Amino acid sequence: MISRRFKHRQLAMVPAALFIAGAAGAAGEPSSMPNMLRVANATGAAATFSTVGTIDLTGPFFQSLGSNGRACVTCHQPDIGWTVTPKNIRARFDATKGTDPIFRTNDGSNSPTADVSTVEARRSAYSMLLNKGLLRVGIGIPGNAEFELVAVDDPYGHASASDLSLFRRPLPSTNVKFLSTVMWDGRETFLDPASTDCILGSAKCFATIHFDLVDQANSATTGHAQGALGLTAPQRDAIVAFETTLFTAQVFDDEAGELTARSARGGPQQLSQEAFYFGINDVVSNDYRTGALFNRNVFTLYDAWNTIDRGGSDGSRTDARRAVARGETLFNTKAIRITEVKGLNDDLGVPVLQGTCTTCHDTPGAGNHSIPAPLDIGLTDASRRTPDLPLYTLRNKQTNAQIQTTDPGRALITGKWQDIGRFKGPILRALATRAPYFHNGSAGDLDAVVDFYNERFAIGLTDDEKDDLVAFLRTL
């Protein structure tokens, strides 16, 4: 087990203050971070592996290139899985009295007109960021949308049809090798009729992820960082080149121990070697490149732990390791009756789809979807609204049907009624570093994630099965 002293020593090697925009490379601070440096988290430790051997902390990713002091690193911190968490954000608030670059009214506050004149005013204005790690994304309803906004209940008094307030978690800027969709709503995922990455049997073809990420880096600079000018081509390429070298995963679990012990294959170095291409192991059309049938055994990291004995110096870890292996098997094979999922049941014309967790998490070793496939699993339904979220009532212009939602998701990009509430599924690696979960931070921990799915799909998990699934998820 990692000792408390060990955890603190590792954290001291990667102080959060190092990664605030403008701090990297300052006098007395290191200009690089070594591969596989362990950083403690709530259930063990994670590490990042770079395919170039070290992690340079001085490039454009760490430079303030806008007008408000922010850099990519402001919301993508290396020591917490290349994103941010409420704990990290609260520490930065306390250290700077709410003036750290992450606290800006263009998207950090609950409303762009919020009062930030005093420390207490800022604490209130940035409550969604402080409590759930949520940034405000402002997007209006497209002019050609199939729906209109007929009512809004915004606790912060700002949202309108021209600027809906959407509260979302920053996605990690690591493990991007496995991306098929950029941004929760796919707004940085572009079509390209000349591409060969096409939905099987269709003419819907997509630009490369490199193209998407280059555009996303520029949009983040002109938007989040309020840059008056876009990035230069070399700056864009340098940011994407840096991101594509990074792989982050859990390397140690407080109960199961080292995640490469006894022939297990956890950790980021193994992850970097996983194959990935558009349509790999697709659940609907099978593997695009090889034609192989969909394989529900998406994760095989801990197969060796199914049969380990209690011998050896780490024999006391056996029960915990077997729990992880059982959880992996459950993730791959536990039967789920998938119903009323927009983007799946309706698109396939199948009211009930017999599946498993890997039906929607089909990329081997990573757990996201290997083609763009935004789904609505009910996270934004009015029944799940919490008082801190706005609620929007939308009306279909043709049928007069109405939907209440806390976030229309993909529909604000396409204007399509059927896309309301649809979001992409994220890459699942390094989960233990970045609670809370889901796009809106509605699940405070992995137990809450498992409970959501168990309730939503009436899976009927026992308490032991829930524990095993959580044990597995926290080792990713």
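By contact I mean heavy atoms within 4.5 Å. With that cut-off, and leaving aside neighbours within four places in sequence, L473 is in contact with F331, L431, L446 and V450.

Before going on, this is a predicted model, in which local features need pLDDT of at least 70 and side-chain atom pairs count only at pLDDT 80 or more, while totals for chains, interfaces and linings use all residues. Residues are numbered from 1 along each chain as its sequence is written, and side-chain values use heavy atoms, with hydrogens and water left out.

L473 is also among the residues with the most contacts inside the largest nonpolar core, which has 41 residues; such a core is a set of buried Ala, Val, Leu, Ile, Met, Phe, Trp, Tyr and Cys residues joined through side-chain atoms within 4.5 Å. Buried here means under 20% relative accessible area, with a 1.4 Å probe and protein chains only.

Now to C75: is this residue buried or exposed? C75 is buried, at a relative accessible area of 10%, and, not counting residues up to four places away in sequence, it touches W82, T83, V84, I102, L135 and P170. The C-alpha atoms of C75 and S173 are separated by 9.4 Å, although the two are 98 residues apart along the chain.

Finally, N281 also counts as buried, at 7% relative accessibility. A polar atom of the N281 side chain lies 2.7 Å from the backbone nitrogen of N295, and N295 is one of the residues that N281 touches beyond four places in sequence, including also D362 and P364.

Notes. Buried means under 20% relative accessible area, exposed over 50%, partly exposed in between (1.4 Å probe, protein chains only). A polar contact is a pair of N or O atoms within 3.5 Å; within protein, one must be able to donate a hydrogen and the other to accept it, and residues adjacent in sequence count only if both atoms are side-chain atoms.
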